[in-house]
Amino acid sequence: MAKIEVPFDRHIPLLLQSLSGEGALLVSRDKEGRPNAMTIGWAQIGIIWGRRIMSVMVRPSRYTYQCLEVSRDFTVCVPYPDQTDEVMFCGTQSGRDHDKFAECGFTAMPSEGLNSPYIDECGVCYQCQVVNHADFVPERLMPEICHQCYGSGDYHRIYFGQILRVVADEDVEARRR
């Protein structure tokens, strides 16, 4: 089914539901141009600098970090509830060792003006151009959060992506019920 372009805020409840549940899929390309998907549960969406922004956090130890440093863009794809196996696979296996698109049966669809594709089988896809990034400063983080989330010292880099386009299946809300 062909996707249609939708206003950036139309499916935010579906994005938040996905993030707080099984997760959404962050997609970028590696230096060879191969698409990679990583499961995420943390993201923010809103207005910063007068622009529609999606911010995502990726640890330097993750393969996706290397991909984002190369591609300088990303997509965030909201999967359907029947894609939990694929979401779990993308969250537990590394793109260093697996071609996640091939193994999950994902179709990489080109994003207008970006290097990173989106996943055609997902219901909603946010297409984002990195406009800034910031590294966590451990000394400025609440000790409780530092202890709870960063015991190994592998602090996230936050990527701020300007949302250039959002595409969705016309019947995405009905299919998610």
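**Close-up views of a predicted model**

**View 1. The largest nonpolar core.** Among the 28 residues of the largest nonpolar core, Leu26, Met54, Phe74, Val76 and Tyr126 touch the most other members. At least two core residues come from each of helix H1 (12-20), strands S2 (24-29), S3 (35-40) and S5 (51-58), helix H2 (63-71), and strands S6 (73-78), S9 (124-135) and S10 (157-168). A nonpolar core joins buried Ala, Val, Leu, Ile, Met, Phe, Trp, Tyr and Cys residues through side-chain atoms within 4.5 Å. Buried means under 20% relative accessible area, with a 1.4 Å probe and protein chains only. Helices (H or I, at least four residues) and strands (E, at least two) are DSSP runs, numbered from the N terminus.

This is a predicted model: local features need pLDDT of at least 70, side-chain atom pairs count only at pLDDT 80 or more, and totals for chains, interfaces and linings use all residues. Residues are numbered from 1 along each chain as its sequence is written, and side-chain values use heavy atoms, leaving out hydrogens and water.

**View 2. Around Met54.** Beyond its neighbours within four places in sequence, Met54 is in contact (heavy atoms within 4.5 Å) with residues including Leu15, Phe74, Tyr126 and Ile163. Another core lies apart from the largest one. This other core has 14 residues, among them Cys77, Phe106, Ile119 and Cys122.

**View 3. Ser111 in its loop.** Ser111 sits in the loop between strand S7 (108-109) and strand S8 (118-119). Ser111 is buried, because its relative accessible area is 7%. Leaving out residues up to four places away in sequence, Ser111 touches Thr75, Ser116, Pro117, Tyr118 and Gln127.

Note on methods. Buried means under 20% relative accessible area, exposed over 50%, partly exposed in between (1.4 Å probe, protein chains only).
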